[in-house]
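Here is a structure to read through, with questions and answers about its rings and one of its helices. Please look at the sequence and the model before going on.

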Amino acid sequence: MKAFGVTNDKIDSLVEFDKTKEEPTGRDLLVKIEGISINPVDIATRKKIAGELPSPKILGYDGYGVVEEIGSDVKNFKAGDKVFFAGDYTRDGSYQEYELIDERIVAHAPKETSIEKSVAMPLVTLTASELLFEKLQINPAVDNRAKTILIINGAGGVGSIATQLAHLAGLRVIATASTPEKVEWVKDLGADLVVNHHQDLIKQVHDLGIENVDYIIGLSNNDPHWKEIVELIKPFGTFATITNLNESKIADLKEKSVNFAWEWMFTKAKFKLDSMSDQGAYLEKLAAGLDSGMIHSTVTKVFHGFNLENIKKATELVEAGHMMGKVVVKA
């Protein structure tokens, strides 16, 4: 079967190569890939490669396809099922014709939603869900109208779904966006208020009549915004992020007794935690939400043809750092 992988930290090292199709065992599904989405983690992983790899590394952490075979211990799926998933960072990703994936982090694909709209959503939805409901401990079943959340990089991949989920949970949502098109985008997704992350966030939030916010999610480089985050977060509030802190000091949050949390969507699968199955459950809810129209897909660009050229083009779009929403490559 054909696969696509990188051998060093440069995009030009992405090559097509032949790989033996593996047999599923245990709780694994063998999925024939029909669509993938490109995420910033793909680029970050490639850029961490030091030197030249002896064999290509297969990236890709969003996948959609059809179950071809199942392992002996699989409980929830059968051959022929359409599924979607975000994957396991410790295994080969979705840039290949067939992928092995643990059923606990897989869900049945939406029935009424297209491949491209569906495959854009798993990784970002899992990340946003874990941020909101596990790290910030927001309970969507209670009245959250008195709570305010600031989502920095609200128009990006994770921000676009975090904005929707926070809105559905009843929070007052402030999203950052830097162009008129992106402002309109986040408003359509449920942002109550919008501020520009290229300008003074403290002044903008205060000008909205808001002194402090209960929650802040950092979805881009936190360092340029660190003083703003420290100033705007409420005492006993919570700040959570998916990106590294290179210059910022967590100790700056101590005086306000601010809770701090990292989010890395791959933790549960990497350490084979029992909570892996939570990801499958989140994705089943996502499928229902997409089909009902409660959740809106954030795909904004689709390349047709699962080939080397399209994966490179899609990667270059994401790597440029200006994407609104998600980019997909469909077989």
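**Rings, charges and a helix**

Q: Over the ring of which residue does the charged end of Lys 21 sit?
A: In this predicted model, a charge counts as sitting over a ring if, among other conditions, it is within 6 Å of the ring centre. The charged end of Lys 21 is 4.3 Å from the centre of the ring it sits over, and that ring belongs to Tyr 98.

Q: How many residues apart in sequence are the parts that the pair of Tyr 61 and Tyr 89 ties together?
A: Tyr 61 and Tyr 89 form a tilted aromatic pair, with 5.5 Å from centre to centre and 35° between the planes. Tyr 61 lies in the loop between helix 1 and strand 4, whereas Tyr 89 lies in the loop between strand 5 and strand 6, so the pair ties together parts whose separation in sequence is 28 residues.

Q: Is the pair of Trp 226 and Phe 239 stacked, tilted or edge-to-face?
A: The centres of the rings of Trp 226 and Phe 239 are 5.7 Å apart, and their planes make an angle of 70°. Planes over 60 degrees apart meet the cut-off, so the pair of Trp 226 and Phe 239 is edge-to-face.

Q: Which residues of helix 1 are buried?
A: Helix 1 spans residues 40-47, and what covers its buried residues includes strand 3, helix 3 and helix 10. The buried residues of helix 1 are Val 41, Asp 42, Ile 43, Thr 45 and Arg 46.

Key:
Residues are numbered from 1 along each chain as its sequence is written. This is a predicted model: local features need pLDDT of at least 70, side-chain atom pairs count only at pLDDT 80 or more; totals for chains, interfaces and linings use all residues. Side-chain values use heavy atoms; hydrogens and water are left out. Buried means under 20% relative accessible area, exposed over 50%, partly exposed in between (1.4 Å probe, protein chains only). Helices (H or I, at least four residues) and strands (E, at least two) are DSSP runs, numbered from the N terminus. Contact means heavy atoms within 4.5 Å. Rings of Phe, Tyr and Trp (its six-membered ring) pair if their centres lie within 6.5 Å; planes under 30 degrees apart count as stacked, over 60 as edge-to-face and the rest as tilted. A charge sits over a ring if NZ of Lys or CZ of Arg is within 6 Å of the ring centre and within 35 degrees of the ring normal.
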